[in-house]
Amino acid sequence: MASILKTDKIEGVTSSGTVQMPAGHVIQFIDTTFTTKTAINSDTYTTITDGTVTITPKFSNSKIMIMVCLNVMVNDGNTNYVFGGFQFKRGSTVITQNNTDNSGPYEIGVNVGGGSSSALTTRVPYNIIDSPNTTSATTYSIEGRCYNYSNVAGTITVNEFGGNTGGQSTIHAMEVAQ
């Protein structure tokens with residue numbers, strides 16, 4: 001015969017934060033959706049407006065999984081190519097690296113052979129695992145920049161839909177027990 005345990009709340013003997021969850025279990029999930037449009041035409045990393053999520057880990061040894069889906073448009077009305085990329089930070093520390101060369105990141109882009117302008121609208125997903133080793137509030141943020149080749153940078157825009165605002169992006173943080 002199977003046993004059934006029914007409860008409304010599980011709490012540690014000394015405080016509610018002391019209950020150990022089995023490894024791999026989700027401890028908490030923070031959900032952020034943002035629609036603010038950010039246009040970047042610079043070859044230096046620029047913060048994506050509202051592209052942040054803050055989580056306060058319950059355990060210092062937890063992993064934090066950051067799941068991002070960006071609505072992105074890259075375009076340049078003067079050349080047949082445009083590229084760009086994103087990096088992610090925990091506080092002021094960069095926690096990701098993307099494909100890059102001396103001219104910048106090229107993880108997203110388009111090259112239209114023989115054309116005189118280029119544009120691409122797409123959704124760009126990221127999954128990042130981090131070990132912040134803290135129980136303090138931790139903020140993750142997104143920065144973007146254009147690829148600059150021969151002083152041609154183009155524009156990379158988050159939350160633009162068909163030349164208008166209306167795009168939507170998400171960033172989630174999930175604490176996973178270890």
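What radius of gyration does the protein chain have, beside that of a compact globule of 178 residues? The protein chain has 20 Å, whereas such a globule would have a value near 16 Å; the radius is taken over C-alpha atoms, and the globule rule is 2.2 Å times the number of residues to the power 0.38.

The model is predicted, so local features need pLDDT of at least 70 and side-chain atom pairs count only at pLDDT 80 or more, while totals for chains, interfaces and linings use all residues. Residues are numbered from 1 along each chain as its sequence is written, and side-chain values use heavy atoms, with hydrogens and water left out.

**Overall form**
- Along the principal axes, the C-alpha atoms of the protein chain fill a box of roughly 70 × 30 × 30 Å.
- The protein chain contains zero helices and 15 strands (DSSP runs numbered from the N terminus: helices are H or I, at least four residues, and strands are E, at least two).

**Burial and contacts**
- Of the 178 residues in the protein chain, 41% are buried (under 20% relative accessible area, with a 1.4 Å probe and protein chains only; exposed is over 50%, and partly exposed lies in between).
- Among contacts with a separation of 6 or more, 81% join residues 24 or more positions apart (contact means heavy atoms within 4.5 Å).

**Residue N61**
- N61 lies in the loop between strand 3 (46–55) and strand 4 (63–76).
- N61 has a relative accessible area of 47% and is therefore partly exposed.
- N61 and T155 are 94 residues apart along the chain, and their C-alpha atoms are separated by 40 Å.
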